[in-house]
Amino acid sequence: WTPGEFAGMKVNPNVNQKRSFRIKDNTADTLFIDPADGNLNEVATVGDTFTGVIELNSLRVAGGAGLSVTGQLDVTTDIVVDNATLIATDISANNLTISNNGKVSHPTATTAADYRLTVNAAVGISIDGTSSIDVSGRGYLGGSQGDNDENGRTLGNISGSTHGSGGSYGGFGVNMAGGTVNAVYGEPANPKEPGSGGGSLDGYSSSGSGGGVVRIKSPVITIDGHILADGFGGDSRGGGGSGGAVRIDAGALSGGGTISTNGGYSSDAGSGGGGRIAVYFDSMGMAKENLSAMGGQSGGMIGIHAAASSGGGGGDPSRNGGAGTICLKDSSKPKPDLIVNNGGNDTSNATPVAGVPVPGLVSATGGDSPYGQVDVGGGAMISLQGDFTTNGDLALSNTGLFIDGLLTLSGSLALT
(Lines give C-alpha, C1' and ligand atoms only; values in the text may rest on other atoms or scores of the structure.)
Protein backbone atom coordinates (compact mmCIF):
# COMPACT_ATOMS: atom_id res chain seq x y z
CA TRP A 1 0.00 0.00 0.00
CA THR A 2 0.97 3.60 -0.51
CA PRO A 3 1.06 5.35 2.87
CA GLY A 4 -2.00 7.56 3.35
CA GLU A 5 -3.83 6.40 0.20
CA PHE A 6 -6.83 5.00 2.14
CA ALA A 7 -7.28 7.91 4.56
CA GLY A 8 -10.93 8.96 4.78
CA MET A 9 -12.26 5.80 3.10
CA LYS A 10 -14.53 3.25 4.74
CA VAL A 11 -14.00 -0.50 4.84
CA ASN A 12 -16.14 -3.46 5.87
CA PRO A 13 -13.57 -5.95 7.23
CA ASN A 14 -15.90 -8.96 7.04
CA VAL A 15 -18.46 -9.26 4.23
CA ASN A 16 -20.57 -11.62 6.38
CA GLN A 17 -21.64 -8.68 8.56
CA LYS A 18 -22.62 -5.03 8.04
CA ARG A 19 -20.42 -2.85 10.30
CA SER A 20 -17.95 -0.59 8.54
CA PHE A 21 -15.04 1.48 9.79
CA ARG A 22 -13.50 4.79 8.72
CA ILE A 23 -9.78 4.65 7.93
CA LYS A 24 -7.90 7.55 9.51
CA ASP A 25 -4.54 6.66 7.99
CA ASN A 26 -2.46 3.78 6.69
CA THR A 27 1.14 2.71 6.29
CA ALA A 28 2.46 0.18 3.79
CA ASP A 29 0.95 -2.69 5.80
CA THR A 30 -1.27 -1.26 8.57
CA LEU A 31 -4.67 0.43 8.71
CA PHE A 32 -5.50 2.90 11.49
CA ILE A 33 -9.26 2.97 12.24
CA ASP A 34 -11.24 5.88 13.67
CA PRO A 35 -11.82 4.91 17.34
CA ALA A 36 -15.33 6.38 17.13
CA ASP A 37 -16.33 3.46 14.90
CA GLY A 38 -15.45 0.87 17.52
CA ASN A 39 -13.13 -2.12 17.57
CA LEU A 40 -12.60 -3.75 14.18
CA ASN A 41 -11.41 -6.95 15.85
CA GLU A 42 -14.91 -7.50 17.26
CA VAL A 43 -16.26 -8.38 13.81
CA ALA A 44 -13.25 -9.60 11.83
CA THR A 45 -10.29 -11.94 12.13
CA VAL A 46 -7.29 -12.76 9.97
CA GLY A 47 -8.43 -14.38 6.73
CA ASP A 48 -11.87 -12.73 6.50
CA THR A 49 -12.87 -11.20 3.17
CA PHE A 50 -13.13 -7.41 3.26
CA THR A 51 -14.71 -4.90 0.91
CA GLY A 52 -14.67 -1.20 0.38
CA VAL A 53 -17.74 0.91 1.20
CA ILE A 54 -19.06 3.44 -1.31
CA GLU A 55 -20.94 6.27 0.45
CA LEU A 56 -23.38 8.46 -1.50
CA ASN A 57 -26.14 10.88 -0.56
CA SER A 58 -28.36 9.62 -3.41
CA LEU A 59 -28.02 7.56 -6.59
CA ARG A 60 -29.94 7.71 -9.85
CA VAL A 61 -29.11 5.38 -12.75
CA ALA A 62 -31.19 6.27 -15.81
CA GLY A 63 -31.53 6.67 -19.57
CA GLY A 64 -30.27 3.26 -20.63
CA ALA A 65 -27.14 3.47 -18.50
CA GLY A 66 -25.49 0.51 -16.81
CA LEU A 67 -23.63 0.79 -13.51
CA SER A 68 -21.61 -1.97 -11.87
CA VAL A 69 -20.60 -1.41 -8.25
CA THR A 70 -17.82 -3.38 -6.58
CA GLY A 71 -18.11 -3.21 -2.82
CA GLN A 72 -20.76 -2.23 -0.32
CA LEU A 73 -23.09 0.55 -1.53
CA ASP A 74 -24.43 2.78 1.27
CA VAL A 75 -26.81 5.54 0.12
CA THR A 76 -28.14 8.02 2.67
CA THR A 77 -31.44 8.72 0.88
CA ASP A 78 -32.82 7.03 -2.25
CA ILE A 79 -31.68 4.84 -5.13
CA VAL A 80 -33.61 5.11 -8.42
CA VAL A 81 -32.97 2.73 -11.32
CA ASP A 82 -35.00 4.11 -14.24
CA ASN A 83 -34.67 2.44 -17.66
CA ALA A 84 -31.20 1.31 -16.60
CA THR A 85 -29.28 -1.55 -15.00
CA LEU A 86 -27.52 -1.64 -11.64
CA ILE A 87 -25.17 -4.54 -10.86
CA ALA A 88 -24.24 -4.78 -7.18
CA THR A 89 -23.93 -7.18 -4.26
CA ASP A 90 -24.75 -5.19 -1.11
CA ILE A 91 -27.13 -2.22 -1.15
CA SER A 92 -28.39 -0.04 1.71
CA ALA A 93 -30.68 2.99 1.24
CA ASN A 94 -33.90 4.58 2.43
CA ASN A 95 -35.78 3.67 -0.74
CA LEU A 96 -35.05 1.56 -3.81
CA THR A 97 -37.23 2.31 -6.84
CA ILE A 98 -36.91 0.29 -10.07
CA SER A 99 -38.96 1.55 -13.02
CA ASN A 100 -39.32 1.79 -16.82
CA ASN A 101 -37.62 -1.52 -17.69
CA GLY A 102 -35.08 -1.03 -14.95
CA LYS A 103 -33.15 -4.00 -13.63
CA VAL A 104 -31.04 -4.73 -10.56
CA SER A 105 -28.81 -7.80 -10.49
CA HIS A 106 -25.55 -9.20 -9.16
CA PRO A 107 -22.45 -10.36 -11.09
CA THR A 108 -22.37 -13.75 -12.80
CA ALA A 109 -20.48 -16.51 -11.01
CA THR A 110 -17.15 -17.86 -12.19
CA THR A 111 -15.32 -21.02 -11.15
CA ALA A 112 -13.51 -18.91 -8.54
CA ALA A 113 -16.33 -16.78 -7.12
CA ASP A 114 -20.09 -16.70 -6.60
CA TYR A 115 -22.27 -13.75 -5.66
CA ARG A 116 -25.40 -12.68 -3.79
CA LEU A 117 -27.56 -9.56 -3.92
CA THR A 118 -28.54 -8.16 -0.52
CA VAL A 119 -30.80 -5.10 -0.29
CA ASN A 120 -31.74 -3.33 2.95
CA ALA A 121 -34.15 -0.40 2.47
CA ALA A 122 -35.12 1.49 5.62
CA VAL A 123 -38.35 2.84 4.09
CA GLY A 124 -39.44 0.92 1.00
CA ILE A 125 -38.73 -1.06 -2.18
CA SER A 126 -40.84 -0.58 -5.33
CA ILE A 127 -40.62 -2.52 -8.62
CA ASP A 128 -43.00 -1.37 -11.34
CA GLY A 129 -44.69 -3.69 -13.83
CA THR A 130 -41.94 -3.34 -16.47
CA SER A 131 -38.99 -3.88 -14.15
CA SER A 132 -37.21 -6.55 -12.17
CA ILE A 133 -34.63 -7.75 -9.75
CA ASP A 134 -33.22 -10.51 -11.95
CA VAL A 135 -30.34 -12.84 -11.07
CA SER A 136 -31.42 -15.69 -13.35
CA GLY A 137 -28.56 -17.82 -14.65
CA ARG A 138 -26.05 -15.99 -12.43
CA GLY A 139 -25.55 -18.80 -9.91
CA TYR A 140 -23.16 -21.73 -10.17
CA LEU A 141 -22.04 -22.28 -13.75
CA GLY A 142 -23.41 -24.92 -16.08
CA GLY A 143 -21.13 -27.20 -18.04
CA SER A 144 -19.11 -25.43 -20.78
CA GLN A 145 -20.25 -22.02 -19.51
CA GLY A 146 -17.74 -19.25 -18.90
CA ASP A 147 -14.45 -20.66 -17.63
CA ASN A 148 -16.06 -23.96 -16.56
CA ASP A 149 -15.43 -27.50 -17.84
CA GLU A 150 -18.24 -29.85 -18.97
CA ASN A 151 -19.59 -30.52 -15.44
CA GLY A 152 -22.05 -28.28 -13.66
CA ARG A 153 -20.91 -26.43 -10.53
CA THR A 154 -22.68 -26.80 -7.19
CA LEU A 155 -22.56 -25.84 -3.49
CA GLY A 156 -19.05 -24.73 -2.58
CA ASN A 157 -18.38 -23.96 -6.27
CA ILE A 158 -17.21 -27.50 -6.91
CA SER A 159 -18.00 -30.00 -9.66
CA GLY A 160 -21.59 -31.25 -9.50
CA SER A 161 -23.97 -32.69 -12.10
CA THR A 162 -22.42 -34.54 -15.04
CA HIS A 163 -23.24 -35.99 -18.46
CA GLY A 164 -26.37 -33.98 -19.23
CA SER A 165 -27.92 -34.20 -15.75
CA GLY A 166 -29.77 -31.16 -14.44
CA GLY A 167 -28.69 -29.09 -11.47
CA SER A 168 -30.34 -29.54 -8.05
CA TYR A 169 -31.09 -27.12 -5.22
CA GLY A 170 -34.53 -27.22 -3.54
CA GLY A 171 -35.62 -30.02 -5.88
CA PHE A 172 -33.60 -32.64 -7.71
CA GLY A 173 -32.41 -32.14 -11.22
CA VAL A 174 -32.91 -35.05 -13.61
CA ASN A 175 -30.18 -37.69 -13.47
CA MET A 176 -29.32 -38.83 -16.99
CA ALA A 177 -28.05 -42.36 -17.70
CA GLY A 178 -24.30 -42.53 -17.24
CA GLY A 179 -24.23 -39.29 -15.27
CA THR A 180 -24.60 -38.04 -11.71
CA VAL A 181 -26.77 -35.32 -10.26
CA ASN A 182 -25.68 -33.09 -7.39
CA ALA A 183 -27.46 -33.40 -4.03
CA VAL A 184 -30.15 -30.97 -2.85
CA TYR A 185 -29.01 -28.50 -0.18
CA GLY A 186 -30.05 -25.50 1.87
CA GLU A 187 -32.95 -24.78 4.24
CA PRO A 188 -36.48 -24.03 2.99
CA ALA A 189 -36.87 -21.32 5.65
CA ASN A 190 -33.58 -19.57 4.92
CA PRO A 191 -32.49 -19.82 1.28
CA LYS A 192 -29.09 -18.26 0.78
CA GLU A 193 -27.18 -20.38 -1.73
CA PRO A 194 -26.90 -20.07 -5.52
CA GLY A 195 -28.55 -22.67 -7.72
CA SER A 196 -26.47 -25.39 -9.38
CA GLY A 197 -25.51 -25.70 -13.03
CA GLY A 198 -26.42 -28.61 -15.29
CA GLY A 199 -23.86 -30.93 -16.85
CA SER A 200 -23.00 -31.20 -20.53
CA LEU A 201 -23.98 -34.49 -22.19
CA ASP A 202 -21.20 -34.53 -24.75
CA GLY A 203 -18.65 -32.03 -23.46
CA TYR A 204 -19.46 -29.59 -26.28
CA SER A 205 -23.05 -28.57 -25.53
CA SER A 206 -23.54 -25.67 -23.15
CA SER A 207 -25.62 -26.39 -20.06
CA GLY A 208 -27.75 -23.99 -18.07
CA SER A 209 -26.31 -22.15 -15.09
CA GLY A 210 -28.19 -21.99 -11.80
CA GLY A 211 -30.17 -19.04 -10.51
CA GLY A 212 -28.50 -16.50 -8.26
CA VAL A 213 -29.40 -15.21 -4.80
CA VAL A 214 -31.70 -12.32 -3.81
CA ARG A 215 -32.21 -11.30 -0.17
CA ILE A 216 -34.21 -8.12 0.40
CA LYS A 217 -35.52 -6.48 3.56
CA SER A 218 -37.78 -3.45 4.01
CA PRO A 219 -40.89 -2.34 5.94
CA VAL A 220 -42.83 -1.89 2.68
CA ILE A 221 -42.18 -3.89 -0.50
CA THR A 222 -44.30 -3.50 -3.64
CA ILE A 223 -43.65 -5.91 -6.53
CA ASP A 224 -45.63 -5.24 -9.70
CA GLY A 225 -42.77 -6.53 -11.85
CA HIS A 226 -40.62 -9.55 -11.13
CA ILE A 227 -38.06 -10.96 -8.73
CA LEU A 228 -36.34 -13.72 -10.71
CA ALA A 229 -33.70 -16.25 -9.71
CA ASP A 230 -34.48 -18.88 -12.35
CA GLY A 231 -32.06 -21.45 -13.67
CA PHE A 232 -31.21 -21.21 -17.35
CA GLY A 233 -31.99 -23.94 -19.84
CA GLY A 234 -29.29 -25.88 -21.64
CA ASP A 235 -28.98 -26.33 -25.37
CA SER A 236 -30.07 -29.58 -27.03
CA ARG A 237 -27.64 -31.79 -25.06
CA GLY A 238 -27.01 -29.66 -22.00
CA GLY A 239 -28.71 -30.09 -18.63
CA GLY A 240 -30.78 -27.26 -17.15
CA GLY A 241 -29.59 -25.25 -14.17
CA SER A 242 -31.55 -25.29 -10.93
CA GLY A 243 -33.47 -22.33 -9.60
CA GLY A 244 -31.70 -20.09 -7.13
CA ALA A 245 -32.70 -18.45 -3.83
CA VAL A 246 -35.02 -15.60 -2.85
CA ARG A 247 -35.62 -14.46 0.73
CA ILE A 248 -37.88 -11.50 1.47
CA ASP A 249 -38.35 -9.90 4.90
CA ALA A 250 -41.19 -7.37 4.74
CA GLY A 251 -43.58 -5.56 6.99
CA ALA A 252 -46.10 -5.26 4.15
CA LEU A 253 -45.64 -7.15 0.88
CA SER A 254 -47.99 -6.32 -2.00
CA GLY A 255 -48.28 -6.14 -5.77
CA GLY A 256 -49.41 -8.12 -8.78
CA GLY A 257 -45.96 -9.23 -9.90
CA THR A 258 -44.16 -12.55 -9.59
CA ILE A 259 -41.36 -14.17 -7.61
CA SER A 260 -39.73 -17.22 -9.16
CA THR A 261 -36.84 -19.63 -8.69
CA ASN A 262 -37.77 -22.06 -11.47
CA GLY A 263 -35.42 -24.71 -12.79
CA GLY A 264 -34.09 -24.54 -16.34
CA TYR A 265 -35.55 -26.66 -19.14
CA SER A 266 -33.75 -29.16 -21.36
CA SER A 267 -34.82 -30.47 -24.74
CA ASP A 268 -32.72 -33.67 -24.93
CA ALA A 269 -30.97 -33.87 -21.56
CA GLY A 270 -31.98 -33.43 -17.90
CA SER A 271 -33.99 -30.47 -16.59
CA GLY A 272 -32.99 -28.54 -13.47
CA GLY A 273 -34.71 -28.69 -10.11
CA GLY A 274 -36.62 -25.82 -8.55
CA GLY A 275 -34.95 -23.40 -6.16
CA ARG A 276 -36.10 -22.01 -2.82
CA ILE A 277 -38.24 -19.01 -1.79
CA ALA A 278 -38.89 -17.79 1.75
CA VAL A 279 -41.10 -14.81 2.59
CA TYR A 280 -41.40 -13.36 6.10
CA PHE A 281 -44.16 -10.78 6.49
CA ASP A 282 -46.58 -8.94 8.77
CA SER A 283 -49.14 -8.54 5.96
CA MET A 284 -49.16 -10.07 2.49
CA GLY A 285 -51.19 -8.58 -0.34
CA MET A 286 -49.47 -10.62 -3.04
CA ALA A 287 -51.23 -13.83 -4.09
CA LYS A 288 -49.26 -16.93 -3.15
CA GLU A 289 -50.02 -18.27 -6.64
CA ASN A 290 -47.62 -15.60 -7.93
CA LEU A 291 -44.71 -17.40 -6.27
CA SER A 292 -43.12 -20.24 -8.22
CA ALA A 293 -40.29 -22.73 -7.61
CA MET A 294 -41.06 -25.27 -10.34
CA GLY A 295 -38.63 -27.79 -11.73
CA GLY A 296 -37.60 -27.36 -15.35
CA GLN A 297 -39.67 -29.04 -18.05
CA SER A 298 -38.22 -31.51 -20.53
CA GLY A 299 -38.65 -30.65 -24.18
CA GLY A 300 -40.05 -27.26 -23.33
CA MET A 301 -39.61 -24.02 -21.46
CA ILE A 302 -41.04 -22.35 -18.38
CA GLY A 303 -40.61 -18.99 -16.79
CA ILE A 304 -40.36 -15.37 -17.80
CA HIS A 305 -37.13 -16.04 -19.75
CA ALA A 306 -38.73 -18.59 -22.07
CA ALA A 307 -40.24 -17.94 -25.47
CA ALA A 308 -43.37 -19.72 -24.28
CA SER A 309 -44.68 -20.73 -20.89
CA SER A 310 -46.09 -24.16 -20.20
CA GLY A 311 -47.84 -26.24 -17.58
CA GLY A 312 -50.60 -28.75 -17.23
CA GLY A 313 -48.47 -31.91 -17.27
CA GLY A 314 -46.11 -31.04 -20.13
CA GLY A 315 -42.99 -33.01 -20.93
CA ASP A 316 -41.78 -36.41 -19.79
CA PRO A 317 -42.32 -36.80 -16.00
CA SER A 318 -39.09 -38.78 -15.67
CA ARG A 319 -37.18 -35.86 -17.17
CA ASN A 320 -39.04 -32.96 -15.53
CA GLY A 321 -37.10 -31.46 -12.64
CA GLY A 322 -38.30 -31.80 -9.06
CA ALA A 323 -40.18 -28.88 -7.50
CA GLY A 324 -38.39 -26.51 -5.16
CA THR A 325 -39.77 -25.13 -1.90
CA ILE A 326 -41.73 -22.03 -0.92
CA CYS A 327 -41.87 -21.06 2.77
CA LEU A 328 -44.35 -18.40 3.94
CA LYS A 329 -43.97 -17.08 7.50
CA ASP A 330 -46.73 -14.82 8.84
CA SER A 331 -45.43 -12.99 11.91
CA SER A 332 -48.76 -13.65 13.68
CA LYS A 333 -48.27 -17.44 13.42
CA PRO A 334 -45.71 -19.60 15.23
CA LYS A 335 -44.64 -21.59 12.17
CA PRO A 336 -44.18 -21.10 8.45
CA ASP A 337 -46.36 -22.78 5.84
CA LEU A 338 -44.66 -24.91 3.20
CA ILE A 339 -45.65 -25.11 -0.48
CA VAL A 340 -44.18 -27.63 -2.94
CA ASN A 341 -45.84 -27.18 -6.34
CA ASN A 342 -44.59 -28.05 -9.82
CA GLY A 343 -47.01 -25.86 -11.74
CA GLY A 344 -48.86 -28.75 -13.40
CA ASN A 345 -45.72 -30.42 -14.76
CA ASP A 346 -45.77 -34.00 -13.46
CA THR A 347 -42.44 -35.27 -12.20
CA SER A 348 -41.07 -38.52 -10.85
CA ASN A 349 -38.27 -36.65 -9.08
CA ALA A 350 -39.35 -36.36 -5.46
CA THR A 351 -38.50 -33.26 -3.42
CA PRO A 352 -36.91 -34.17 -0.06
CA VAL A 353 -38.55 -32.52 2.96
CA ALA A 354 -36.69 -33.15 6.22
CA GLY A 355 -38.75 -33.90 9.31
CA VAL A 356 -36.70 -31.69 11.58
CA PRO A 357 -37.51 -28.44 13.42
CA VAL A 358 -36.86 -25.12 11.76
CA PRO A 359 -34.21 -23.42 13.94
CA GLY A 360 -35.75 -20.77 16.19
CA LEU A 361 -39.35 -21.65 15.34
CA VAL A 362 -41.31 -23.46 18.08
CA SER A 363 -45.06 -23.95 18.28
CA ALA A 364 -47.12 -22.10 20.88
CA THR A 365 -47.89 -25.43 22.56
CA GLY A 366 -44.23 -26.30 22.92
CA GLY A 367 -44.03 -28.73 19.99
CA ASP A 368 -41.16 -28.72 17.56
CA SER A 369 -42.70 -29.60 14.20
CA PRO A 370 -41.21 -27.51 11.39
CA TYR A 371 -44.31 -26.30 9.55
CA GLY A 372 -47.89 -25.24 9.98
CA GLN A 373 -49.84 -26.02 6.82
CA VAL A 374 -48.16 -28.10 4.10
CA ASP A 375 -49.52 -27.83 0.54
CA VAL A 376 -48.14 -30.16 -2.14
CA GLY A 377 -49.49 -30.22 -5.69
CA GLY A 378 -49.14 -29.35 -9.34
CA GLY A 379 -47.51 -32.65 -10.24
CA ALA A 380 -44.86 -32.42 -7.51
CA MET A 381 -43.72 -35.39 -5.44
CA ILE A 382 -42.26 -35.14 -1.95
CA SER A 383 -40.22 -37.53 0.14
CA LEU A 384 -40.57 -37.05 3.91
CA GLN A 385 -37.31 -37.97 5.58
CA GLY A 386 -37.60 -38.81 9.27
CA ASP A 387 -40.59 -38.22 11.55
CA PHE A 388 -42.76 -35.36 10.31
CA THR A 389 -45.47 -33.45 12.14
CA THR A 390 -47.77 -30.71 10.90
CA ASN A 391 -49.59 -28.35 13.24
CA GLY A 392 -51.99 -27.45 10.44
CA ASP A 393 -53.41 -29.13 7.36
CA LEU A 394 -51.67 -31.38 4.84
CA ALA A 395 -53.06 -30.92 1.31
CA LEU A 396 -51.98 -33.26 -1.50
CA SER A 397 -53.24 -32.51 -5.01
CA ASN A 398 -52.03 -34.34 -8.14
CA THR A 399 -48.94 -35.48 -6.30
CA GLY A 400 -47.07 -38.40 -4.76
CA LEU A 401 -45.86 -38.86 -1.19
CA PHE A 402 -43.04 -41.08 0.11
CA ILE A 403 -42.62 -41.41 3.89
CA ASP A 404 -39.55 -42.70 5.73
CA GLY A 405 -40.69 -42.20 9.32
CA LEU A 406 -43.82 -41.28 11.28
CA LEU A 407 -46.32 -38.80 9.81
CA THR A 408 -48.45 -37.01 12.43
CA LEU A 409 -51.27 -34.67 11.41
CA SER A 410 -52.74 -32.19 13.86
CA GLY A 411 -55.05 -30.76 11.18
CA SER A 412 -56.84 -32.32 8.26
CA LEU A 413 -55.56 -34.42 5.35
CA ALA A 414 -56.92 -33.44 1.92
CA LEU A 415 -56.31 -35.73 -1.07
CA THR A 416 -57.41 -34.51 -4.51
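Is Asn-100 buried, partly exposed or exposed? In this predicted model, Asn-100 has a relative accessibility of 41% and therefore counts as partly exposed, since that class lies between the limits of 20% and 50%. Asn-100 is located in the loop that connects β10 and β11 (103-105). Its backbone has a positive phi of about 50 degrees, although the residue is not a glycine. Asn-101 is found in the loop between β10 and β11 as well. Its phi, near 65 degrees, is also a positive value in a residue other than glycine. With a relative accessible area of 55%, Asn-101 is classed as exposed, because the limit for that class is over 50%.

Two further loop residues were examined. Asn-41 has its place in the loop between β3 (31-33) and β4 (51-56). Its relative accessible area is 59%, so Asn-41 is exposed. Along the chain, Asn-41 and Pro-13 are 28 residues apart, and their C-alpha atoms are separated by 8.9 Å. Gly-270 belongs to the loop between β19 and β20 (276-284). A relative accessibility of 0% places Gly-270 in the buried class, because buried means under 20%. Gly-270 and Gly-173 are 97 residues apart in sequence, while the distance in space from C-alpha to C-alpha is 6.8 Å.

The strand pairing was examined next. Strands of a sheet pair through backbone hydrogen bonds, in either a parallel or an antiparallel sense. An open sheet of seven strands is present, with parallel pairing and the order β6-β9-β11-β13-β17-β19-β21. Within the order given, strand β17 (residues 226-228) runs parallel to strand β19 (residues 258-260), and three bridges join the two. Leu-228 stands opposite Ser-260 in β19.

Parallel pairing is also found between β12 and β16, which are joined by eight bridges. In this pairing, Thr-118 stands opposite Arg-215 in β16. β16 pairs with β18 too, in the parallel sense and over nine bridges. Here Val-220 is the residue opposite Ala-252 in β18.

A further set of pairings involves β8. Strand β5 (residues 59-62) and strand β8 (residues 78-82) pair in the parallel sense, with four bridges between them. Leu-59 is placed opposite Ile-79 in β8. β8 also pairs with strand β10 (residues 90-99), again in the parallel sense, through five bridges. Asp-82 stands opposite Ser-99 in β10.

The largest pocket holds about 870 Å³ of space. Its lining consists of 27 residues, and those nearest its centre are Val-15, Thr-89, Asp-90, Arg-116 and Thr-118. At least two lining residues are supplied by each of β12 (117-127), β16 (213-223) and β18 (245-254). Divided by class, the lining comprises six nonpolar, twelve polar and nine charged residues.

Two aromatic pairs are found in the whole structure. One of them is formed by Trp-1 and Phe-6, with the ring centres 5.5 Å apart and 80 degrees between the planes. The pair is edge-to-face, because the angle between the planes is over 60 degrees. Trp-1 has a relative accessibility of 47% and so counts as partly exposed.

Arginine side chains were found over tyrosine rings as well. Arg-247 lies over the face of Tyr-280, at a distance of 4.2 Å from the ring centre. For Arg-276, which lies over the face of Tyr-169, the corresponding distance is 5.5 Å.

How values were computed: Residues are numbered from 1 along each chain as its sequence is written. This is a predicted model: local features need pLDDT of at least 70, side-chain atom pairs count only at pLDDT 80 or more; totals for chains, interfaces and linings use all residues. Side-chain values use heavy atoms; hydrogens and water are left out. Rings of Phe, Tyr and Trp (its six-membered ring) pair if their centres lie within 6.5 Å; planes under 30 degrees apart count as stacked, over 60 as edge-to-face and the rest as tilted. Buried means under 20% relative accessible area, exposed over 50%, partly exposed in between (1.4 Å probe, protein chains only). A charge sits over a ring if NZ of Lys or CZ of Arg is within 6 Å of the ring centre and within 35 degrees of the ring normal. On a 1 Å grid over the protein atoms alone, a cavity is a set of points where a 1.4 Å probe fits but cannot get out, and a pocket is an open set with protein on both sides within 12 Å along at least five of seven lines; lining residues have an atom within 4 Å of a point. Grid points are joined across faces, edges and corners, and a volume is the space filled by probe spheres set on the points. Ala, Val, Leu, Ile, Met, Phe, Trp, Tyr, Cys and Pro count as nonpolar, Asp, Glu, Lys and Arg as charged, and the others, Gly among them, as polar. Two strands pair if DSSP finds at least two bridges between them.
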